[in-house]
Amino acid sequence: MRFEFIVDEHVKVKTFLKKHEVSKGLLAKIKFRGGQILVNGRPENAIYLLDIGDRLVIDIPAEEGFETLKPMDRPLDILFEDDHFLVLNKPFGIASIPSAIHSNTLANFVKGYYVKQGYENQQVHIVTRLDKDTSGVMLFAKHGYAHARLDKQLQSKSIQKRYYALVKGSGKLDPVGEIIAPIARDEESIITRKVAKGGKYAHTSYQVVQSFGDIYLVDIQLHTGRTHQIRVHFSHIGFPLLGDDLYGGSLEDGIERQALHCHRLSYYHPFLEEELVIESPLPPDFQAVLTQLQTSY
């Protein structure tokens with residue numbers, strides 16, 4: 001895959017490329033695995049001194065997929081795709097990545113899609129992931145350089161995800177709220193998390209969209225990305241998600257998985273040089289509960 005730059009400073013190739021998120025590892029891959037660096041059409045190395053106005057081109061060799069990730073053929077609900085990124089609408093009930101207990105995962109299906117399409121790069125790069133029973137927008141990078149270009153956005157928390165959730169509790173939920181409470185592993189479980197002193201800092205914002213007695217539809221923004229963060233935080237304040245029996249949620253309101261859906265993702269596309277906003281409609285099970293609530297109240 002080829003990328004082109006017009007040089008705007010008098011520096012070495014490696015210095016210029018570092019500012020464009022080309023790592024030492026990627027430079028080594030270009031050098032030793034069949035890639036090349038061209039300056040004004042001539043092959044050069046990473047310590048070549050550039051002049052302002054030079055045309056710098058890097059050819060990155062293709063990425064072979066990991067043999068341990070088995071491709072599986074299953075239709076994907078694609079929300080956006082170009083040469084650099086793939087954005088999917090993930091259904092609930094499917095894990096994001098393989099584990100000791102999950103083998104038919106979204107990563108396997110993406111690998112199968114890459115193979116079927118005959119893409120040059122067949123390594124699966126997950127940028128954002130969702131819990132098995134959470135639905136909605138998931139972002140994949142289609143090559144390592146694209147993934148690297150988003151790393152700083154991940155670190156600066158400029159990739160924004162918004163979620164809809166149905167929560168239920170006693171008392172009244174404030175119309176707008178900030179939940180700031182540290183999250184740690186639960187010593188009594190290998191799965192669950194809990195709010196605890198000494199846990200990792202976690203920050204969740206929310207706004208009530210609609211209320212139905214003791215059930216609320218909330219629009220949520222994560223400022224940190226802790227495991228089960230939304231589920232733990234809302235359980236902590238006494239409003240667990242419908243269907244989330246792992247954290248005390250009700251199974252009597254028409255949904256038997258956590259009523260959580262990532263409905264919006266926004267990020268800066270570094271190759272198009274523009275902000276992308278990608279949205280996902282509510283899945284049928286979530287929408288059915290919401291429609292019933294809207295009809296009843």
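**A guided reading of the model**

Guide: We begin with a pair of strands: β2 and β3 pair in the antiparallel sense, over two bridges. Please bear in mind that this is a predicted model.

Visitor: Which residue of β3 is the bridge partner of V39?

Guide: The pairing of β2 with β3 is antiparallel. Within β3, the residue that partners V39 is R42.

Visitor: What is the order of the strands in the open sheet?

Guide: The open sheet has four strands, and their pairing is antiparallel. Its edge strands, each pairing on one side only, are β1 (2-6) and β3 (42-43). The order is β1-β4-β2-β3.

Visitor: How far apart do the C-alpha centres of domain 1 and domain 3 lie?

Guide: The protein is divided into domain 1 (2-59), domain 2 (65-156) and domain 3 (161-262 + 289-296). Between the C-alpha centres of domain 1 and domain 3 the distance is 47 Å.

Visitor: What is the volume of the largest pocket, and which residues lie nearest its centre?

Guide: The volume of the largest pocket is about 1,400 Å³. Elements that give two or more residues to its lining are α4 (144-155), β9 (160-168) and α5 (229-236). The lining has 43 residues, and nearest the centre lie R129, L130, D131, T227 and H228.

Visitor: Which domains each give at least three residues to the lining of the largest pocket?

Guide: By residue type, this lining divides into 15 nonpolar, 15 polar and 13 charged. The domains that each supply at least three residues to the lining are domain 2 (65-156) and domain 3 (161-262 + 289-296).

Visitor: Which element gives the largest share of the lining of the second largest pocket?

Guide: The second largest pocket has a volume of about 400 Å³. Its lining has 17 residues, with K14, K24, L27, A28 and A46 closest to the centre. Two or more lining residues come from each of α1 (13-18), α2 (24-32) and β2 (36-39). The largest share, five residues, is given by α2.

Definitions and conventions. Residues are numbered from 1 along each chain as its sequence is written. This is a predicted model: local features need pLDDT of at least 70, side-chain atom pairs count only at pLDDT 80 or more; totals for chains, interfaces and linings use all residues. Side-chain values use heavy atoms; hydrogens and water are left out. On a 1 Å grid over the protein atoms alone, a cavity is a set of points where a 1.4 Å probe fits but cannot get out, and a pocket is an open set with protein on both sides within 12 Å along at least five of seven lines; lining residues have an atom within 4 Å of a point. Grid points are joined across faces, edges and corners, and a volume is the space filled by probe spheres set on the points. Ala, Val, Leu, Ile, Met, Phe, Trp, Tyr, Cys and Pro count as nonpolar, Asp, Glu, Lys and Arg as charged, and the others, Gly among them, as polar. Domain bounds come from an automatic or database domain assignment. Two strands pair if DSSP finds at least two bridges between them.
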